[in-house]
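Have the viewer open as you read.

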Amino acid sequence: DMLDLPKPKANAVTVTAEPSEALKEYVQTLVKRAEKIRSGGVRSNQDNMLKVTSDGRKAALDMRLVNPWGEVCEGGKIQLCAQNVYKIWDQFAEQRGTQLVFCDLSTPRDDGGFNAYACLRELLIERGIPSNEIAFIHDYNTDAEKASLFKEVREGIKRVLVGSTE
């Protein structure tokens with residue numbers, strides 16, 4: 001506002017993912033944990049409401065965040081996100097339009113475990129987005145690296161940039 005620069009018009013779209021049976025069952029375990037915590041039946045160093053809500057947020061994104069051996073939930077949030085990102089990527093292919101995707105849970109890691117970023121990348125590649133057009137901000141550590149990345153985003157070389165709000 002202070003610089004009086006043009007701002008893009010926001011187009012918020014709400015996409016609802018139906019909960020899987022596994023998620024519904026898991027939520028019931030969270031309810032039981034919360035009840036046990038409230039009744040004083042567990043010490044705070046063993047379980048607490050912060051852990052319960054954190055586990056709930058993870059499960060809502062993808063059950064594999066709380067159960068790494070869990071099954072892929074067709075129609076889950078990551079799948080729906082990939083579907084929408086691909087649709088926009090394809091729609092703006094001629095203009096080489098770019099997208100920013102924000103995900104604050106399950107940021108990239110190299111320990112071989114499940115993470116939402118790697119899953120999203122795989123789904124985008126499966127749909128046809130070239131891997132070299134997808135970037136994670138977490139892979140760019142220095143100011144110079146980030147400046148180079150942002151230049152590639154502006155030029156439509158990198159067309160999907162995934163990062164956390166931080």
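**The big picture**

Keep in mind that this is a predicted model. The protein has 5 helices and 3 strands, and starting at the N terminus they come in the order α-α-α-β-α-β-α-β. Of the 166 residues, 31% are buried. If you take the contacts with a separation of 6 or more, 60% of them link residues 24 or more positions apart.

| Helix pair | Axes come within | Crossing angle |
|---|---|---|
| α1 (residues 21-38) and α2 (residues 49-61) | 10 Å | roughly 175° |
| α3 (residues 77-91) and α4 (residues 116-127) | 9 Å | roughly 45° |

Start with α1 and α2, whose axes cross at roughly 175°. That angle is over 145 degrees, so α1 counts as roughly antiparallel to α2. On the α1 side, the residues that meet α2 are Leu23, Tyr26, Leu30, Arg33, Ala34, Ile37 and Arg38. Their partners in α2 are Met49, Lys51, Val52, Asp55, Gly56, Ala59 and Ala60. Sorted by class, this contact has 9 nonpolar, 1 polar and 4 charged residues.

Now for α3 and α4. With a crossing of roughly 45°, these two helices are oblique to each other, and the crossing is right-handed. From α3, the contact takes in Ile78, Gln79, Cys81, Ala82, Gln83, Val85 and Tyr86. From α4 come Ala116, Cys119, Leu120, Leu123, Leu124 and Arg127. The class count for α3 with α4 is 10 nonpolar, 2 polar and 1 charged.

Next, zoom in on the stretch between β1 (99-102) and α4, where serine 106 sits. Is serine 106 buried or exposed? Its relative accessible area is 18%, and the cut-off for buried is under 20%, so serine 106 counts as buried. Its phi is near 60°, a positive value in a residue that is not glycine.

What does the side chain of serine 106 reach with a polar atom? The backbone nitrogen of alanine 116 is 2.6 Å from that atom. Beyond the residues up to four places away in sequence, serine 106 touches Leu65, Phe114, Asn115, Ala116 and Tyr117. Alanine 116 also belongs to the α4 side of the contact with α3.

Asparagine 115 lies in the loop between β1 and α4 too. With a relative accessibility of 5%, asparagine 115 is buried. Its side chain comes to 2.8 Å from the backbone nitrogen of alanine 118. Setting aside neighbours within four places in sequence, asparagine 115 is in contact with Ser106, Thr107, Pro108 and Arg109.

**One more positive phi**

Finally, have a look at arginine 96, in the loop between α3 and β1. Arginine 96 is not a glycine, yet its phi is positive, at about 55°. Is arginine 96 buried or partly exposed? Its relative accessibility is 35%, so arginine 96 counts as partly exposed.

Key: Residues are numbered from 1 along each chain as its sequence is written. This is a predicted model: local features need pLDDT of at least 70, side-chain atom pairs count only at pLDDT 80 or more; totals for chains, interfaces and linings use all residues. Side-chain values use heavy atoms; hydrogens and water are left out. Axes are lines fitted to C-alpha atoms, for helices over the stretch in contact, and angles run from 0 to 180 degrees between N-to-C directions. Helices (H or I, at least four residues) and strands (E, at least two) are DSSP runs, numbered from the N terminus. Angles under 35 degrees count as roughly parallel, over 145 as roughly antiparallel, 65 to 115 as roughly perpendicular and the rest as oblique. A crossing is left-handed if the near helix is turned anticlockwise from the far one by less than a right angle, and right-handed if clockwise. Contact means heavy atoms within 4.5 Å. Ala, Val, Leu, Ile, Met, Phe, Trp, Tyr, Cys and Pro count as nonpolar, Asp, Glu, Lys and Arg as charged, and the others, Gly among them, as polar. Buried means under 20% relative accessible area, exposed over 50%, partly exposed in between (1.4 Å probe, protein chains only). A polar contact is a pair of N or O atoms within 3.5 Å; within protein, one must be able to donate a hydrogen and the other to accept it, and residues adjacent in sequence count only if both atoms are side-chain atoms.
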